[in-house]
Amino acid sequence: MAEVTQADLALLAFAREVRNRAYAPYSGFRVGAAVFAGGDIYQGVNVENAAYGSTVCAERAAATAAVTAGKTEFDAIAVVGDSADPTVPCGACRQFLAEFNPHMRVIMGGKGEEVMVRTLDELLPEAFVRAYLDQDDGDDSE
Ligand code: THU
């Protein structure tokens, strides 16, 4: 568990601000996210779909914006959802984010005042990362 810093609150403000642009006509649950990578900030919102399973979470939207801009190493991500308690990233987003730094800071907020800060490896211990693929020697006879 980590202390909440001024930098955390600044990133959280970007997530809170962009949440207003969430496209959530089905759940009504708006989520905003902001990735901090290489000194820049990349925002994302949840984008729902009539085929519910095609929905994209805010965290993955922000992460893909950062990668599109050429950033593949993230320092932190902030997430703000419509829950009373801080909104935590879903399991799929935790795995998706681990690709870009399993140790990044994750700053979470909700409708209330409470702010929660964790590292990604606290939220997803033993993530499956690229290093496992590198251990495959290509010999399928074993
Ligand atoms: N959602 C996110 O965008 N991020 C999360 O961490 C939790 C869930 C979205 C997906 C869906 O649009 C809505 O919230 C309800 O699940």
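The structure is a predicted model, and its confidence scores are worth a glance before anything else. Mean pLDDT for the protein is 97, and 100% of the residues reach 70 or more. Of the elements, S1 comes out with the highest mean pLDDT (99), while helix H5 (residues 130-134) has the lowest (95).

Now for the inside. Nonpolar side chains tend to be buried together in soluble globular proteins. In this model, the largest nonpolar core contains 22 residues. Val35, Phe74, Ile77, Leu97, Met104, Val106 and Leu120 are the ones with the most contacts inside that core. Two or more residues each come from S1, helix H2 (58-68), strand S3 (76-81), helix H3 (91-98), strand S4 (105-109) and helix H4 (120-123). Another core, made up of nine residues, lies apart from the largest one; Ala76, Ala78, Ile107 and Val117 are among its members.

Ile77 makes a handy example of how the chain packs. Once neighbours within four places in sequence are set aside, Ile77 touches Leu11, Ala33, Ala34, Val35, Glu59, Leu97, Met104, Arg105, Val106 and Ile107, in the sense of being in contact with them.

Arg19 counts as buried because its relative accessible area is 10%, which falls under the 20% cut-off. Leaving out neighbours within four places in sequence, Arg19 is in contact with Arg30, Val31, Gly32, Val45, Val80, Gly81, Asp82 and Lys111. Tyr23, on the other hand, is partly exposed, since its relative accessible area is 45%, and that value lies between the 20% and 50% limits. Tyr23 also belongs to a nonpolar surface patch with Tyr26, Val47, Tyr52 and Val56, and together these residues have about 510 Å² of accessible area.

Finally, a look at two backbone angles. Asn101, in the loop between H3 and S4, has a positive phi near 140° without being a glycine. Glu126 is not a glycine either, yet its phi is positive too, at about 55°. Asn101 is buried, with a relative accessible area of 13%, whereas Glu126 is exposed, with a value of 73%.

Terms used. Residues numbered from 1 in each chain as written. Predicted model: local features only at pLDDT ≥ 70, side-chain atom pairs only at ≥ 80, totals over all residues. Heavy atoms only, no water. Patch = residues over 30% accessible without salt bridge, like charges linked within 9 Å, V, L, I, M, F, W, Y side chains within 5 Å. Areas by Shrake-Rupley, 256 points an atom, 1.4 Å probe, with all protein chains shown as cover. Salt bridge = Lys/Arg side-chain N within 4 Å of Asp/Glu carboxyl O. Buried < 20%, exposed > 50% of the residue type's maximum accessible area, 1.4 Å probe, protein only. Core = buried A, V, L, I, M, F, W, Y, C linked by side-chain atoms within 4.5 Å. Helix = DSSP H or I, 4+ residues; strand = E, 2+ residues; numbered from the N terminus. Contact = heavy atoms within 4.5 Å. pLDDT = per-residue confidence, 0-100.
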